Amino acid sequence: MKFFLVSVLFFTSQFIFSQKLNLITNIEGRKTTSLNGYWKIIIDPYENGFYNYRYEENPNGYFKNQKPQSKSDLVEYDFDKSDSLMVPGDWNTQQEKLFLYEGTIWYKKSFDYNLENGKRLFVYFGAANYKAIVYLNGIKLGEHEGGFTPFNFEITNLVKEKDNFLTLKVDDKRSREFVPTVNTDWWNYGGITRDVDLVEVPQTFIKDYFIQLDKNFDNKISGWVLLNGDKPKQKIKIEIPELEKIFSAETDETGFCKIGFEVNPVLWSPENPKLYDVIVKCESDSLKDKIGFRKIEAKDGKVLLNGKPIFLRGISSHEEVPFTGGRSYSKEDAETVLNWVKELNGNFIRLAHYPHNEKIVRLADEMGIMIWSEIPVYWTILWKNEATFENALSQLQAMITRDKNRASVILWSVANETPRNDERLAFLTKLIENARELDGTRLITAALENHYINDSTIVMDDPLGKHLDVTGLNEYLGWYDGLPDKISKINYQTIYNKPIIISEFGAGALQGYHGDKLTRWTEEFQAYVYEQQVKLMRRVPNLSGMTPWILSDFRSPRRPLPGIQDFWNRKGIISDKGIKKKAFYILKDFYEDVKKNGL
Ligand code: GCU
């Protein structure tokens with residue numbers, strides 16, 4: 001009875017979140033029309049297309065896509081005679097003049113659409129950095145804040161058969177109260193950075209669902225289904241043909257229905273990333289997905305996958321296009337990155353410091369690579385600012401909503417390298433509570449910082465650790481903290497009987513620059529740090545995984561050193577041109593050994 005009540009409360013809060021967020025999931029399983037390609041743009045550093053000269057919102061802004069109606073008419077912009085940018089894609093790497101640009105760019109896409117009778121239409125954005133205001137045919141659809149999470153708007157009653165124009169004001173200006181805030185060690189790539197799709201659905205459609213192995217029972221699938229439309233109360237079915245399983249139930253007047261049924265699936269794991277075809281059906285809609293079932297737990301200082309201790313052989317990675325740079329979005333880019341993880345003998349990746357695109361998460365499902373997924377609560381944001389909290393919370397909700405059915409995602413991270421103080425603790429504790437309410441099947445973590453209790457002893461005793469399942473720890477022994485020789489002198493302790501993941505260690509090296517092992521920026525220095533660090537890893541208590549910083553060099557505005565960095569963070573073990581550095585092979589060999597012989 002108690003379990004039933006707890007589960008009702010738990011699922012009801014998820015239902016409320018899903019309603020509020022209004023995000024449609026599993027876009028690739030639906031009828032879509034891509035709006036990717038070239039979009040017309042207007043670069044608008046003074047936001048002249050939005051404000052009038054009194055800095056009031058202009059009802060006749062560029063979103064109206066006006067054209068002179070007569071030879072005397074005054075219209076001082078024209079999308080169709082203007083430049084174009086590729087969507088998806090950041091603007092910084094598409095035009096030299098936009099490399100350092102931070103501000104507003106207006107995007108316009110014209111399209112025709114023949115909407116079938118009785119159907120509904122949504123426009124779905126994988127992401128746009130940072131703030132987007134969206135209009136269709138001059139009418140405002142809504143706004144979205146946050147550069148790394150999806151959003152959608154319904155356009156059923158606005159779309160015309162011919163000559164629709166979708167316009168966006170995208171602004172990537174940084175600001176103190178934003179998430180992330182003004183300083184990050186990654187490039188502020190602006191633009192419509194992920195796919196844009198028109199999504200056609202029935203009047204009442206399957207908006208969202210959560211189908212995962214139950215946290216408390218190995219042979220039970222639990223979750224919920226949520227319909228949206230004018231016939232919310234419908235019979236639904238969950239079918240898993242390969243398991244000859246059909247579960248039937250009925251949604252309530254809000255379109256919500258809990259699900260729970262017995263199954264004995266082959267459990268998903270890196271060795272056997274088994275995915276099942278799962279079909280969700282209601283009377284007016286049907287949706288297919290590929291879902292893996294696995295159990296992830298933290299117990300007595302260990303991470304357990306399907307009940308067995310596992311060591312997470314990982315690497316950190318930014319969402320940067322391999323070989324060229326720029327914000328990545330494609331399946332090909334994801335394949336390159338995840339194949340490098342495999343080449344490293346890895347089974348885990350930390351997608352830093354923000355939710356990456358859905359393609360890499362779904363590919364990790366297929367390839368059997370576990371994921372640490374994170375929201376950009378990075379360094380020192382405004383902990384006391386209510387809008388900052390709401391913003392962080394909506395990014396958390398969107399991240400979990402989009403990827404909650406992905407077996408590969410095992411950890412939700414709520415923060416990276418945040419300062420110890422009461423406001424921060426209160427802020428992050430509230431986020432963690434929300435994350436647990438949204439998804440009780442995964443582990444919650446954060447990347448914390450070193451705390452010395454004497455010259456050679458570091459203790460994991462951050463008060464936030466109490467609220468986490470797994471404590472992540474970033475340490476730069478041998479790079480920011482002493483020279484590589486120092487690493488062997490350090491001991492770690494923890495006050496928590498919880499797993500530790502060393503979520504960052506590393507050193508910078510310019511690929512091809514060689515010298516003795518104490519000459520900074522040489523491959524030998526970086527390799528020496530790795531040699532020392534992997535030895536240290538064997539001495540860290542409760543160590544359950546690691547994600548060295550970082551898989552490949554990535555752009556950063558904080559790294560100007562000429563001839564070495566040139567706006568690249570050089571801590572990659574692979575260069576920005578995709579060339580492996582010496583440290584790559586040290587980590588590869590270490591993981592081979594751990595894979596064979598354990599830590
Ligand atoms: C930090 C931070 C990273 C950064 C790295 C570095 O720990 O989390 O975002 O890039 O250190 O300094 O290279």
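I take two strands as paired if DSSP finds at least two bridges between them, and strands (E, at least two residues) and helices (H or I, at least four residues) are DSSP runs numbered from the N terminus. The model is predicted, so I noted that local features need pLDDT of at least 70 and side-chain atom pairs count only at pLDDT 80 or more, while totals for chains, interfaces and linings use all residues. Residues are numbered from 1 along each chain as its sequence is written, and side-chain values use heavy atoms, with hydrogens and water left out.

**Sheet.** I looked up an open sheet of three strands, which has the order E26-E27-E29 and mixed pairing. Strand E26 (452–454) and strand E29 (491–494) are at the edges with a single partner strand each, so one side of each has no neighbour in the sheet. From one strand to the next the twist averages 35 degrees. Strand E27 (residues 457–460) and E29 run parallel and are joined by four bridges, and Val459 has Gln493 in E29 as its bridge partner.

**Ligand.** I then turned to the 14 residues around the ligand (a heavy atom within 4 Å), of which Asp185, Tyr378, Glu417, Tyr480 and Lys571 come nearest. I found a polar side-chain atom of Asp185 2.5 Å from an oxygen atom of the ligand, and an N or O atom in the side chain of Glu504 is 2.7 Å from a ligand oxygen atom. For Asn569, a polar side-chain atom lies 2.9 Å from an oxygen atom of the ligand.

Definitions and conventions: A polar contact is a pair of N or O atoms within 3.5 Å; within protein, one must be able to donate a hydrogen and the other to accept it, and residues adjacent in sequence count only if both atoms are side-chain atoms. Axes are lines fitted to C-alpha atoms, for helices over the stretch in contact, and angles run from 0 to 180 degrees between N-to-C directions.
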